[in-house]
Amino acid sequence: MTPQERTAWVFTAPVLTIITVVFLAPTILALALSVTDYSIYAAADVRNISFVGLGNFGELFSTPLFWRALGNTALFAVLGVPMAIGASLFAALLLNDASVRWKPFWRVALFAPYVTSVVATAIVWRFVLNTRFGLLNYALDLIGIGPVDWLGDPRSSIPAILIFVTWKIFGYNMIVFTAALSTVPTHLMEAARLDGASRWARFRDVTLPAIGPTLLLAAVMSVAGFLQIFAEPYIMTMGGPAQSTVTVLYFMFDEGFKWWNLGQASAVALILFVLILAVTFVQTRIGKRYEWL
Amino acid sequence: MLGMIPAAMLAAACSPRRDPNALVLWAMSYQGDYSPYLTTRFTADTGIPVEVQSIPWTAAHEKLLTAHAGGVLPDVLMLPNSWISEFQMIGAIAAVPSPTLVSGLFPGLVEGSRISGRDYAVPWSVAPLVQYYRRDILEDAGYATPPVTWDGWRTMAARIKRRRPDDHVFLALVNYEGWLFTMLAQNGAYPLRERDTRGNFRTPEAREAFAYYASLFRDGYAPLASSTEIQDPLAAFAAGQFAIWEGGATWLLDMRRRAAELPPERWGAARVAGPRGPGPTSAKDVSLSVSTTSHRPAEAWALVRHLTSSESELRFATMISTLPARVDAWDGLDIPPRVLQPFREQAHDLAVSPMVVGWERIQIEVQLIAERIVRGLMTIDEGLAEADRRADRILAKRRSLVESGRIA
Amino acid sequence: MAVRIGRRRTRAIVMNGAVAGLTAVTLVPLVWMVLVSFMPRYASSRFPPPFWPERWSLENYHELLVRRLYEGVWFDYRVLPALWNSLWVAGVATVLALLLTVPAGYAFAKLEFRGRDRLLKLLIASLVIPGQVAMLPLFLMLRWVGLVNSYAGVILPSLAGIFAVLFVRQATRAIPDEMIQAARLDGASEMQIFRTVILPLLAPVTVTLAVFTFLASWNDFLWPLIVLTDHAKYTLPVAVASIVREHAADGELMMASAVVTTLPVLAIFLALQRYYMTGLLGGSVKG
């Protein structure tokens, strides 16, 4: 082995071992668990496990709460991704404008929510969203909108959590888009302006193609992130009211750690994996079509 | 440089020092928060320090299961009676070594949690249900005390509703399973069959209970509301929006604290109405167990003995309004006799709940079905069939183990 | 000409105003959090919600952080121990993560070895697997080796830094090959090259990665919640979460615990934000 190879193995072996042990091996184990009926009876006696093939999946598909969780998660993603990406893009465009001063200060301030802990800010927002004493309803009251039972009404619980999530994460993609916006070719922009193109036309024809790939990547990662929402419903609503904020991951957590049905829970994990894989696949296809990737 | 890695990992495996001599006690909610008051006396008497950890109910099941999985269960743990068989099956709790620990208790408590003739937990408190009623509203309708039969309840409810059409009579929340399961117990409808491996909801008794439950909502006596719509039941009760609330002894604590909102002369307590007179009620009694992985079982059982002594249980009754499991402790309770009487009678008439893994899930599922029934989304017969289906599914693993003879 | 300047001035006012407004709205929850934490008990349960404390009070922090003797019994939320636990766990996790991923990133970028490209493809492919798939079996595995309820169990999964390795690799590719070749020709060993040539150049990347890892470990909630059952070992988010479940009505106390959780993180972020932002922006944007 060359000295390079020797060093390379010394450098990479530790982290690769850990990745295999902590990540790849459990994933395979999850596959194995998902075709058994590992449950609390197995905790009593290992011989109580039996192989059930696709039985777990069949049972999942006939469990109404599972479909509810899928629907809620889809709703989170469908509403949340545009909200989050839109907010990030809006903030990035604002900050990108030449007439704005003290940009580093604004950037840091707008990014601050991202580095805070979900637990702490979920507590704060639970208070902000309080029906009677919360800031949000107070602000709405000032413009004449009646109090909304954000976290107590099944219809508004998902939007409530999404408002919080958007607030928390928009800073990250704002920075990413800021970097992307700096690559917009200024000469094209100048040319468009001299040609008298409207601001929207300039955005659509010059800015958008330049930041397209970044937008797509951010959207892909956002979808994957929204499909894995757990901490926010866990802290703010405990899956309620009326199970309206139970997500796939929340369902998996309950099934796996509360009732110890690890077989079924692993089946849910695999379904989640397939979903994320499918979404990633679809979006890369779209990207290839528009030659953005 | 890379040699630092194993050293750092070793450092990571170390944990903060804790008193190795201390016994560890886990309890939920109020019991967890107030146990230190009881354990200081134990420490003073025996010199053994006790560390109390309070767990919220919402996280209790997972915390206990993961602790068992990791072999880090505490020396003494509090368990609701419905979990005892589950934790015994997975080998988490030890058998009670001395019969004196479980003597002098309400009869239903010990028999109800015995497994194969052995006891695995010492009952700590008993939690019978009673109906709290608004004296003034009932008197206005011509009743000094509430009826204790189902028909009597309906007659009274009709009279109250006529006088107060905008209010309801019974505070039965649609996401709370206590009312329906009490009715099932009173009508003699044991919910499982075939050695607790299948649902038994399609019996005439169960059907009667469901029909009665649904009729209360249909006729407007109970509101179509869940705990998210009525977040403060006591305030609603005090405001006269309801005349009857079925609850346990811990409500006495809230009512004592908020006597300004609801003065004691305005409410009373009576036995819950049953189909032909009062019957057994479902309850959330709790017990204490010692884990099988405790390093000091003798001291752990001494702590259990101390916590379940009459003085300790009475102290708890004063602080957090839990009723003692010890019969003779009731003589020292500071509750007016007219309020204590229904609790006492009910404590001698406890319902027998199935002691199987998954019972809690079945209750949750059945209550969801009941909610659909009362909202008119399902007929009663459809609901009963669905309840059986779901119970069968939840018990599937148990069924296969029983059929193959691996479980008694 | 005057109109032109006037319009530019108006635009500047509008744009700066918009940015300032957005920032204000974004920071309001955090500011309110701090203000409410200094209010006396139950002062915030009013409509309209008060924004400024009528009376500044330290009672919430006192209750949260100080062990109190009440009728002969000690009551303690154990927030300060949890803070130290979090510091310890996050610190160890960061150091270990750096030790593991920086050399690996360099190796994937600049060193020639068999199977490099195949391994790289495998790494990128495994980015798609959500971490939660591995969570349940990993817990079972920890149980088999007796690492449940230990800090090693908490830190271990965070060391599988696929993203970090790729991040370092990306940054290392910018280093010109000629420098490394020249050092090799001078007779330096691979280790020496790494230590003396590469590491100094990777300093900003290392700092960014360190800040990322520390923040991620500090804020990690779900895994410590599952693995740690002993409240003496709780990290800060887990400790705070268990307080919150029980004391939902005590807004001021909750805000105080939120402040204690957020403040260290914000402080670190503000101190190191230049590196953090540079790392994220890739040095392409100037102030």
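This is a predicted model: local features need pLDDT of at least 70, side-chain atom pairs count only at pLDDT 80 or more; totals for chains, interfaces and linings use all residues.
Start with confidence. The predictor assigns the complex an ipTM of 0.83 and a pTM of 0.85. Chain C has an average pLDDT of 84, and 93% of its residues score at least 70. Over residues 283-287 of chain C the pLDDT is below 50. That stretch still has 10 contacts in the model beyond near neighbours in sequence.

Turn to chain B. Its secondary structure comprises 17 helices and 11 strands. The C-alpha trace spans about 80 × 50 × 50 Å along its principal axes. The radius of gyration of chain B is 23 Å, which agrees with a compact globule of 408 residues, because such a globule would have a value near 22 Å. Of the 408 residues in chain B, 60% are buried. Take contacts in chain B between residues at least 6 apart in sequence: 75% of them join residues at least 24 apart.

The surface comes next. Chain B exposes about 16,200 Å², with 52% supplied by carbon and sulfur atoms. Its side chains include 43 positive and 45 negative ones. The centres of these two sets lie 3 Å apart.

Now pick out one residue of chain B. A209(B) sits in helix α9 (residues 204-218) of chain B. Its relative accessible area is 0%, so A209(B) counts as buried, the cut-off being under 20%. What is A209(B) in contact with, leaving aside its neighbours within four places in sequence? The partners are W150(B), L180(B), M183(B), L184(B) and N187(B). R305(B) lies elsewhere: A209(B) and R305(B) are 96 residues apart in sequence and 40 Å apart in space, C-alpha to C-alpha.

Chain C contains 13 helices and two strands. Its C-alpha trace spans about 80 × 75 × 35 Å along the principal axes. A compact globule of 287 residues would have a radius of gyration near 19 Å, but chain C has 25 Å. Buried residues account for 54% of the 287 in chain C. Among chain C contacts between residues at least 6 apart in sequence, 68% join residues at least 24 apart.

Finish with the surface and charge of chain C. Chain C carries 25 positive and 16 negative side chains. The centres of those two sets lie 11 Å apart.

Methods:
Residues are numbered from 1 along each chain as its sequence is written. Chains are lettered from A and ligands numbered from 1 in the order in which they are written. Side-chain values use heavy atoms; hydrogens and water are left out. pLDDT is the predictor's confidence in each residue, from 0 to 100. Contact means heavy atoms within 4.5 Å. Helices (H or I, at least four residues) and strands (E, at least two) are DSSP runs, numbered from the N terminus. The radius of gyration is taken over C-alpha atoms; the globule rule is 2.2 Å times the number of residues to the power 0.38. Buried means under 20% relative accessible area, exposed over 50%, partly exposed in between (1.4 Å probe, protein chains only). Accessible areas come from the Shrake-Rupley method with a 1.4 Å probe; for residues, only the protein chains shown count as cover. Lys and Arg count as positive and Asp and Glu as negative; His and the chain ends are not counted. The place of a charge is taken as NZ of Lys, CZ of Arg, CG of Asp or CD of Glu.
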